[in-house]
Amino acid sequence: MSTLNKKSGDLGTWLMHIFLGVNAVIMLYPIIMMALSSFKTNQEIFSSPFSLPKSFSFDNFAIIWSQTNVPRYFINSTIVTGLSVLVLLVVGTMAAYALSRYKFKGNIMISLFFLSGLMLPLRLAIIPLFIQLKALGLVDNLLGLICIYTAMSLPATVFIMTGFLRSLPSELEDSARMDGASEFRIMVEIMVPLITPAMVIAGIYNAVPIWNDFFFPLIFIQSPEWKTLAQGLTAFFGEYSINYGVLYAGLTLAALPIMLVFIVQSRRFIAGMTAGAIK
Amino acid sequence: MATIELRDVTKDFGGVQVIHGANLSIEDNEFVVFVGPSGCGKSTLLRLLSGLEELSAGEIYIDGERIDHLPPARRGLAMVFQSYALYPHMTVYQNMSYALKVARKSKQEIEEKVRAAAEILQLTELLDRKPKALSGGQRQRVAIGRAIVRDPSVFLFDEPLSNLDAKLRVQMRIELTNLHKQLQSTMIYVTHDQVEAMTMADKIVVMRSGHIEQVGAPLDLFNKPVNKFVAGFIGSPAMNFFKGQIISADEGTYEAQLDNGTQFKFKAQAGRLTVQDSIDLGVRPEDLQPGNTGAGTLMGKATAVERLGAQTYAYLSSPINENMIIHYAGDLDIQSGEEIEVSFNLDSCHLFGPDEQRIEFEG
């Protein structure tokens with residue numbers, strides 16, 4: 001029956017495809033507009049906002065590269081996002097591993113503690129956080145941002161990873177134990193390779209908001225040399241004039257890495273999203 | 001090449017005792033099968049032996065040396081799991097060599113051992129494949145290969161064939177028996193399938209709810225089950241039981257009456273039974289004959305008949321036993337719904353007293 005319903009000529013299927021197609025257009029349109037506008041001059045954007053650019057000139061990008069601080073911001077964002085996600089995955093996986101694979105007193109308490117982090121937005125605690133970071137000498141410092149992002153994203157990471165780790169059969173662990181592997185070795189060589197899809201999910205899920213974050217850099221970073229991309233791009237909103245062409249070029253550059261990561265990892269991402277459900 | 005000795009091995013999980021003081025000795029080079037219904041503690045006993053679970057009390061010796069405090073890898077055992085537990089991200093070669101790699105053996109030694117094991121199990125062609133590209137039987141062989149390369153003194157198998165289809169299971173059963181001959185090592189095998197137990201074992205350990213009920217050679221268990229449980233568990237189809245009562249007891253000569261009125265006399269140890277003791281008479285399906293030819297007779301209505309040509313199984317319903325099975329070697333022309341008479345001879349029967357323990361006939 002179900003195969004009959006899913007015949008390609010079926011009305012339901014058509015409606016579904018139309019719906020998905022419209023949805024895709026709505027999602028992609030602003031991104032395409034942004035990318036196209038980055039090739040236009042300011043005048044062109046206002047005279048013919050919806051048309052294709054007259055020529056694909058890289059002038060705006062050249063301006064970004066040579067006359068602005070964007071390359072520097074780009075590097076800062078890369079460092080902050082990269083290190084945050086790295087620390088996050090290492091620490092988060094280890095925490096999730098302990099919580100999901102071992103029985104010990106306080107296991108549930110610690111799990112709930114992590115879960116509570118999902119419910120409390122860190123922004124609520126911005127003042128104490130500022131005082132604390134100041135005391136630690138981490139204000140106006142990329143390390144401070146990395147600490148905040150790691151802590152902020154840990155609950156979700158532990159949550160995602162615990163679910164995946166729980167689904168792995170314990171016989172694998174037993175088998176490795178019989179083979180003489182130490183607990184650490186079992187984790188690193190046997191279990192973690194099996195949850196790389198989960199790590200990709202956790203990585204992307206956390207990298208996107210960290211990369212795009214505007215709030216924490218705004219509060220904690222003052223010096224121009226430590227600004228991140230999202231924060232740095234506001235410099236293009238001048239008091240009297242805005243060069244939209246250059247702004248769009250900057251935004252395009254800012255969106256590019258995450259899009260690339262997503263495209264490259266999307267197969268694993270989807271595999272990971274469904275793996276938990278089937279196995 | 002190892003003897004194993006279990007002394008008063010006890011295990012409880014959170015206050016619930018699952019193994020109640022198991023005592024067992026296993027000879028060198030023996031093929032021992034732990035068998036019992038699910039939840040009887042046979043797998044737990046195996047895990048205690050392997051070191052994956054810790055003992056609550058008791059001692060385990062291998063070759064006279066106490067090993068129950070050692071971690072799994074240092075007990076000289078290898079285990080094959082029910083789900084094979086192959087590492088999915090490693091090739092067959094890496095799977096088989098993992099234990100040796102952990103033990104820091106030289107590359108050359110690893111290579112030699114893996115090749116040798118692959119040869120024995122006909123896996124040489126498959127060494128570069130990942131487990132997901134293998135069939136069930138091949139995965140099973142890899143799991144065994146992984147055990148072999150470690151050159152263990154004892155092999156532990158935890159229901160290794162239960163994930164295979166029936167045909168493959170028979171084939172692997174034979175392969176495992178041959179492997180045992182070839183490797184000359186002690187093997188312990190857990191299964192709930194009594195056919196596997198009967199065909200493979202040198203010695204069967206029958207377990208029920210954490211107790212070892214009987215230990216012995218397969219045919220000893222079949223011919224002389226020590227209690228009603230073992231009698232009902234070993235043998236396929238299962239033994240038929242008829243309830244009855246002792247109606248007279250005199251110096252070792254007893255007379256009993258089954259619930260359908262059939263009476264019979266027998267001799268047994270004097271004083272073992274008294275009048276009004278309830279008894280169970282066990283008769284194997286193949287010992288029930290159609291027609292009135294034996295000492296005791298029963299009437300039953302056939303509820304189902306399976307005529308296989310060379311043999312016939314008839315399922316009978318009678319007031320004394322609603323699911324009675326008879327096995328007739330040959331073709332028996334009866335129809336379902338037919339009322340038939342079956343009979344048995346006392347020499348081929350098993351008698352169990354009110355405590356469900358075996359009562360030995362005398363004379």
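This is a predicted model: local features need pLDDT of at least 70, side-chain atom pairs count only at pLDDT 80 or more; totals for chains, interfaces and linings use all residues.
1. Two residues are in contact here if their C-beta atoms, placed from the backbone, lie within 7 Å. On that criterion, 16 residues of chain B meet 13 residues of chain A.

2. Residues are numbered from 1 along each chain as its sequence is written, and chains are lettered from A and ligands numbered from 1 in the order in which they are written.

3. On chain B, α2 (92-102) gives the largest share of the side touching chain A, three residues. The elements giving two or more residues there are β6 (77-80) and α2 of chain B.

4. Chain B has eight helices and 21 strands (DSSP runs, H or I of at least four residues for helices and E of at least two for strands, numbered from the N terminus).

5. Chain B splits into domain 1 (4-233) and domain 2 (240-359), with bounds from an automatic or database domain assignment. Their centres, over C-alpha atoms, lie 38 Å apart. Six residues of domain 1 of chain B touch seven of domain 2 of chain B; the domain 1 side has four nonpolar, one polar and one charged.

6. As for dimensions, the C-alpha trace of chain B spans about 75 × 45 × 35 Å along its principal axes.

Technical notes
Ala, Val, Leu, Ile, Met, Phe, Trp, Tyr, Cys and Pro count as nonpolar, Asp, Glu, Lys and Arg as charged, and the others, Gly among them, as polar.
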